[in-house]
Amino acid sequence: MRQTIDVALPKGRLGEKVLAIFEESGYPCPEIHRESRRLIFENADAGIRYFWVKPSDVAIYVERGAADVGVAGKDILLEYVPAVYELLDLGMGRCRMAVAGPKGFRDNLERTLRVATKFPRIARDYYARESREIDIIKLNGSIELAPLLGLSDVIVDIVETGTTLRENNLEPLETVAPISARLIANKASYQFKTEEIRALAEAMAASLERKKENTP
Ligand code: PRP
């Protein structure tokens, strides 16, 4: 008998696009489109149950097995390194993790570099590879403010269009990693629901491929 797959979807604009891919891949859920404050939606016939979670929490639900699969940004996967399987790059929510700083910034190697970021592990790993000594200043948002107020020399943050940087007289200096949304799976679920999860990942890969072919 086919087992139901529990899916943690990231709330928000990316989540709507991600849901569309699931639905086009043979896992529709009419319920989820009805105005409602419910958080869990099931289509038993399609063998799927969806729930909306805060995007940065998806990996936690999947790692702990509250969801069998989910969609999380590569930024979260690099920062928290959850013990999950990464099954598919959805190619959505594309952006990059970058070092940015004031226009014309020149690093003074004689001083410890002060780096403000929401992603301390990603920043630490990056500068360790560069053998550069740094001081991490962990912030929770509006990272761009830090160099403007002299709290840090540079930032490590997500750059999508570059508008936030430009409007604050900052510029991208180095790319740390390309980022996009990934389909992830709980490790135990993958053992117990192997066929169901594989079929889902394959159907999604095929949907994405079709989309690519139809985009000029
Ligand atoms: C991200 C990031 C930048 C902005 C970059 O912030 O931290 O501030 O988006 O986008 P852009 O290059 O298109 O301008 P987010 O919206 O996630 O908010 P937060 O920093 O408050 O978490």
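## Ligand shell and sheet architecture

Strand β9 gives the most to the shell around the ligand, contributing 3 residues. The model is a predicted one. Both β9 and α6 (163-167) supply at least two residues each to this shell. The residues around the ligand are K118, S142, E144, D157, I158, V159, E160, T161, G162, T163 and T164. By class, the shell comprises 5 polar, 4 charged and 2 nonpolar residues.

| Residue | Protein atom | Distance from a ligand oxygen atom |
|---|---|---|
| E144 | N or O atom in the side chain | 2.6 Å |
| T161 | N or O atom in the side chain | 2.5 Å |
| G162 | polar backbone atom | 2.7 Å |

On its own, the ligand has 500 Å² of accessible area, of which the protein covers 62%.

Strand β9 also belongs to an open sheet of 5 strands with mixed pairing, arranged in the order β8-β7-β9-β6-β10. Because β8 (134-138) and β10 (170-179) stand at the edges with a single partner strand each, one side of each is left without a neighbour in the sheet. Neighbouring strands of this sheet are turned against each other by 30 degrees on average, direction ignored. The pairing of β7 (residues 113-117) with β8 is parallel and extends over 5 bridges; R114 stands opposite D135 in β8. Helix α4 (residues 120-129) packs on this sheet and touches β6 (95-102), β7, β8, β9 (154-159) and β10. The direction of α4 makes about 170 degrees with that of β8.

A further open sheet consists of 6 strands in the order β2-β3-β1-β4-β11-β5, again with mixed pairing. Its edges are formed by β2 (40-43) and β5 (84-89); each has a single partner strand, so one side of each is left without a neighbour in the sheet. The twist from one strand to the next averages 30 degrees. Within this sheet, β1 (residues 5-10) and β3 (residues 48-53) pair in the parallel sense over 6 bridges, and the bridge partner of D6 in β3 is R49.

Helix α1 (residues 13-24) touches β1, β3, β4 (69-73) and β11 (181-186), and its direction makes about 175 degrees with that of β3. Helix α8 (residues 194-214) touches β1, β4, β5 and β11, and its direction makes about 25 degrees with that of β5.

Key
Residues numbered from 1 in each chain as written. Predicted model: local features only at pLDDT ≥ 70, side-chain atom pairs only at ≥ 80, totals over all residues. Heavy atoms only, no water. Pairing = 2+ DSSP bridges. Helix = DSSP H or I, 4+ residues; strand = E, 2+ residues; numbered from the N terminus. Axes fitted to C-alpha atoms, helices over the stretch in contact; angles between N-to-C directions. Contact = heavy atoms within 4.5 Å. Near = heavy atom within 4 Å. Polar contact = N/O pair within 3.5 Å; in protein donor to acceptor, adjacent residues only side chain to side chain. Areas by Shrake-Rupley, 256 points an atom, 1.4 Å probe, with all protein chains shown as cover. Nonpolar A, V, L, I, M, F, W, Y, C, P; charged D, E, K, R; others polar.
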